[in-house]
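Please prepare a short briefing on the structure shown below.

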Amino acid sequence: MARSIFLEALVARIVGLEPSETVPEEVLAIVQDAIAKRPPALRKQVGLFLALLRWLPALRYGARFDRLVPDQQIAVLTWFQSAPISLLRKGFWGVKALAFMGYYGRPEIGSELGYRPASGGNDLLHV
Amino acid sequence: MSSDAQIRDFDIVIIGSGAGGGTVAAELAPLCRDGIRIAVLEAGPRFRPDDLRGPEIAAAEKLYVDGGGFFTRDRAMTLAFARGYGGSTQVYTGTSLKIPAKVVADWGIAGLSADDVHRRSDKYMAQNNVHLLPEELINDNNRLFRDGCRKLGFRVEQFPVNIKNCRGSGHCNLGCEHGAKQGTNVVQLPAAERQGVEVVTDCHVERLGDRTCHVTVEPRGYGTPSRWAAGRYEVRAKVVVVAAGAISSPALLLRSRLPAKLPALGRYFTCHPALILVAQHASALSNCHGHPKSYCSNQFAESEGFLLETCMYFPFVTAKSMAGFGREHRQMLARMDHLQMILALAFDHASASNRVRIDRQGGPVVDYTLSPAVWQSLRGAMVNASRIFFAAGAERVHAPAARKFFLEPADEATLESWIPQSGMLLGKVPITAAHPMGGCRMGADRSTSVTDSWGRVHGLPWLHVADASLFPSSAEANPYLTVMALADRVAEGIRNRLPELPE
């Protein structure tokens, strides 16, 4: 349950949800399923990186990631994105990709985004 | 010999059914009339149209190795390549460009001329119905690229594509449910099968022995069931042609521990590292309707080493291709129908240290370091793509290396300073590649090549390679036509030499 709160906060900040919005259950399920399907070595790396993301902020803010306010969470993630060590930047990109997979990989998201491909797309070119 | 493996005998076995394997199969198929037995062993399934209609993630998981996110060892880049009947021809967009003559000349392969490669490419352009789309089928995404380039005075050309009765679903990179894309799954493989070639799907080749393929057939739970029952087989042949792609072919040869000294095996891997660039317009555009790709600009090919092409991707792929996160990222994606996209391909040079290796389980691992030249090319591509976007009327542009998430028209005059080279950070700027090449490259020098100019592996006259792994260096153009041309040549060599080869 504690881990889910962390994941929820992380996904919310990465995807860009407002503090008043909640992360749909389906999104978290996709993320957790994607992690579970990765080969063991990669799963371990993801787990380690998530732990780092969760606990490293305590050094600066005195609290772990999911206990920070949104602006602080964003500041933490911004730091990771351009971190001086490429390993941290790559790890953050991987976590971002998982969050985006959960949010933008949902079948119903397309119509929310105005992305409406059609089997006969040529017929809609000049509509 | 494994006691539980069934033995199957053929004269010619082809491993892989993509641009290379499919071509060899079709070219050698007429030999079946003379009693020559030919099989194609394909690791992936034979997809049915229903298999290709699912949502983005589910479809990618079925079609692509690692769902399209196969990482290089250092996790700096993802590689996208497919498996299945038709190989990566199922998922490419059909960009039909001939290799620049200068590249073939630079390859310096004795007996291989640009004229020969182009002549063979022409053959496949005819077979695959390659043609220019008429103006009424050009969507806004393509038109804006063309118009933006023209406004800037950049060279821009329409390239032909290999489609027939395309309905414009825009689904090319997740397979064509209409069978309109003329990949080997639609053209060469069915023709080969009609002439007697046996295509076995869900068939993983674990390793090669002396003129023997040790394989396992294992159903995946989707696609048409394999012709062979699940289980292990030893498939024996006079000739084996490896055409499993530039990652899987070297990996197979490496784990086979062949009795030949091949120090270059796996080395000189190239891939056209790429960026997917995105801009937002004030009005909605037709971008996901119609064929996604028709234009490219080689304005900077010579001077800065990159090619720019139109493209259009799906929500998740678009999301992960941008740097940044949070509110601005979400704003960009919130109106996908307002997005224009450009694909930037950098021309990477062949380096012995960029290579395919195998892990303890024999699976492929790619060691690849993005060179300073490629980083510079990609940054140049970002700057010039941004110019094209603004020239086309975009109201904001996202450049992954920029000092802010959104660039606006007012920033155009100072783009060079907004997109500094220092912003090209490994791990922050998402790099992907879908043109794996090299690893079993052609050449005369056995210390720096794996095959001769006819695709025969040095020291093993029965073993051939017929895919993009033959490329001595990157093609500097979308590679599928060149793969088919080289595979055509490999097939010609096999046809000519088959009577000489021992049983």
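In this predicted model, Gly209(B) stands opposite Thr212(B) of strand S11(B). Strands (E, at least two residues) and helices (H or I, at least four) are DSSP runs, numbered from the N terminus. Residues are numbered from 1 along each chain as its sequence is written, and chains are lettered from A in the order in which they are written. Local features need pLDDT of at least 70, side-chain atom pairs count only at pLDDT 80 or more, and totals for chains, interfaces and linings use all residues; side-chain values use heavy atoms, without hydrogens and water.

**Sheet**
- S10(B) and S11(B) (residues 212-217) run antiparallel and are joined by six bridges; two strands pair if DSSP finds at least two bridges between them.
- The open sheet has four strands in the order S1-S12-S11-S10 (chain B), with mixed pairing.
- S1 (6-9) and S10 (203-209) of chain B stand at the edges with a single partner strand each, so one side of each has no neighbour in the sheet.

**Helix packing**
- Helices H5 (residues 140-152) and H11 (residues 372-391) of chain B pack at about 100 degrees, their axes 8 Å apart; axes are lines fitted to C-alpha atoms, for helices over the stretch in contact, and angles run from 0 to 180 degrees between N-to-C directions.
- H5(B) is therefore roughly perpendicular to H11(B), a term for angles of 65 to 115 degrees.
- In this contact (heavy atoms within 4.5 Å), H5(B) uses residues including Phe145(B) and Leu152(B), and H11(B) uses Arg387(B), Ile388(B) and Ala391(B).

Conventions. Angles under 35 degrees count as roughly parallel, over 145 as roughly antiparallel, 65 to 115 as roughly perpendicular and the rest as oblique.
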